[in-house]
Amino acid sequence: MSWCPQYRSSKFRHVYGKAASKENCYDCVPITQSVHDNHFCAVNPYFIAVVTECAGGGAFLVIPVNQTGKLDPHYPRVCGHKGNVLDIKWSPFNDFVIASCSEDATVKVWKIPQHLLKQNITHAQKELLGHARRVGLIEWHPTASDILFSTGYDYKIMVWNLDTKESVIETPVKTISFHTDVILSMSFNTDGSLLATACRDRKIRIIDPRAGTLVQEASNKSHRVNKVLFLGNMKKLVSTGTSRWNNRQIAIWDQGDLSVPLVEEDIDGSSGLLFPFYDADTQMLYLLGKGDGNIRYYEISLEKPYLNYLMEYRSPLPQKGIGTMPKRGLDVSSCEIFRFYKLIPMKSLIEPISMIVPRRSESYQEDIYPLTAGVQPALAAEEWLNGVNKGPVLMSLRPGSVILNSLPPFPEESSPEAPEPVLYQSRMAETIEKPSRIQEKWGKRKTEERGQEDKRTGLSNGFDAFECPPPKTENELLQVFYRQQEEIRRLRETLIQRDVQIRQLELELQNVHMDTGRF
């Protein structure tokens, strides 16, 4: 009988959490005292938004990410709701647009100015009226622009198309109304073709959001679900909840068969709600408990045991809510693979916590930073509503490879709209010109590289072989050896950069072919 090791190899086995120093935290932030089970925090590379306490209505703060330290008590707020704000979410394709929902049964979409706020924002860009009771959850579509989902205590999910001129929208494009109780969680798969929900009736449902039909339903007596999450492209779901003995529990489900969970694991006997966060790039799952100070993290695998425990970050300060930074806002030079923003109301503090892979090399680590979802939408709202599915447009996190931040799509001065034929012709012309622009750009790069190579002709290891004599002493030989090592390292970096350029050009060509196929 052969011996089998009890451990598994993983590049994320030694990931550790690092809390920010006091001067890099956000102090004196009046965090909300609401008992609603939500994150209360949303983050993008520009801003951090936090639901706050406010008399006579609901409000939230929008603070620039680089503005750490103590917050001015008179700092302007976004305060257009008449009831407490229950959830906030940044648009995935515009870093200056945020949506909020409230107890006043409305959903509002706000445009945040690029400069620092000087006064309160009270007028929303869009106001969505359709729910009969308070709205508890909102979610942006992951690949289609201007599509927003909301659900409230009227047991309905409403699909909104924000690509309209109207500032007040009263009729959603779709209403899903077969839930029998309050919806506690919503999650999309990678291309946004399926929506998973967790309901207070202890059932997990997978829904076709465009047709409004039920695809799968799970009800397990041994697992009372609170939160549900799609696990990227792995065709699996993860849910958190409690067991029949009131232990906190996590379960992995097969997307095609929700009759029985693939694995169930008890966490502990605490009473706080567990929030799951999944990183599809590293296949890591993070668990944070409301009222806990700890962060547990696991690695998900396609085969048994599916759930592999890695480590736990521990802190004595309990969190009320949590925010996460998108991948394009991470510090790749320090091998940071995830970043949390922990809300600590007892100290009025927001504490960033970075999850770091320990590496000695300071160069870009491509194995832990694969191509990730970028800021460009793959579909327009009408295309998605008409039945088109597309995965996210990918981008590289290598510094200097692409533009990592989005620009506001709503200009200050609205230009008159072009008629349909003109728009069609301009789109076709742009689609035809894209390949030529790519070839022109690639040709310029080739010309520059050839020029640099011509300059280096006759040079070996950084010096002219015809002018400098060959090394005679041991020290000279060592110097030549070190120069050769440096040249090899530089050539390897050049090869890596060219591989990234090839991938970017392939992605651009795929997008051009897809755009051409639409017309």
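A: Let's start with E103, which counts as partly exposed because its relative accessibility is 34%. On this scale, buried means under 20% relative accessible area and exposed over 50%, with partly exposed in between, using a 1.4 Å probe and protein chains only. Please keep in mind that this is a predicted model, where local features need pLDDT of at least 70 and side-chain atom pairs count only at pLDDT 80 or more, while totals for chains, interfaces and linings use all residues. Residues are numbered from 1 along each chain as its sequence is written, and side-chain values use heavy atoms, with hydrogens and water left out.

The strands named here are DSSP runs of E, at least two residues long, numbered from the N terminus.

In general, side chains of opposite charge can pair when their charged atoms come close. The cut-off used here is a side-chain nitrogen of Lys or Arg within 4 Å of a carboxyl oxygen of Asp or Glu. By that rule, the whole structure has 19 salt bridges.

Another of them joins D292 and R248, at 2.5 Å from N to O. This pair links distant parts of the chain, with D292 in the loop between β26 (284–289) and β27 (295–300) and R248 in strand β23 (residues 248–254), 44 residues apart. Here both D292 and R248 are buried.

R296 and D268 also meet in a salt bridge, with 2.9 Å from N to O. Since R296 lies in strand β27 and D268 in strand β24 (residues 263–268), the pair ties together parts that are 28 residues apart in sequence. Both R296 and D268 are buried. There is also a network in which salt bridges with shared partners join D201, K203, R205 and E217.

Rings of Phe, Tyr and Trp (its six-membered ring) pair if their centres lie within 6.5 Å; planes under 30 degrees apart count as stacked, over 60 as edge-to-face, and the rest as tilted. The whole structure holds 15 aromatic pairs. One of them, Y286 with F338, is stacked, at 4.7 Å centre to centre with 25° between the planes. Y286 is in strand β26 and F338 in strand β30 (residues 336–344), so to speak bridging distant parts of the chain, 52 residues apart. Both Y286 and F338 are buried.

Y286 has a further ring partner in F340: their centres are 5.3 Å apart and their planes at 75°, so this pair is edge-to-face. F340 is in strand β30 as well, 54 residues from Y286 in strand β26, and both Y286 and F340 are buried. Ring pairs link F277, Y286, Y297, F338 and F340 into a cluster.

Methods. Helix = DSSP H or I, 4+ residues; strand = E, 2+ residues; numbered from the N terminus.
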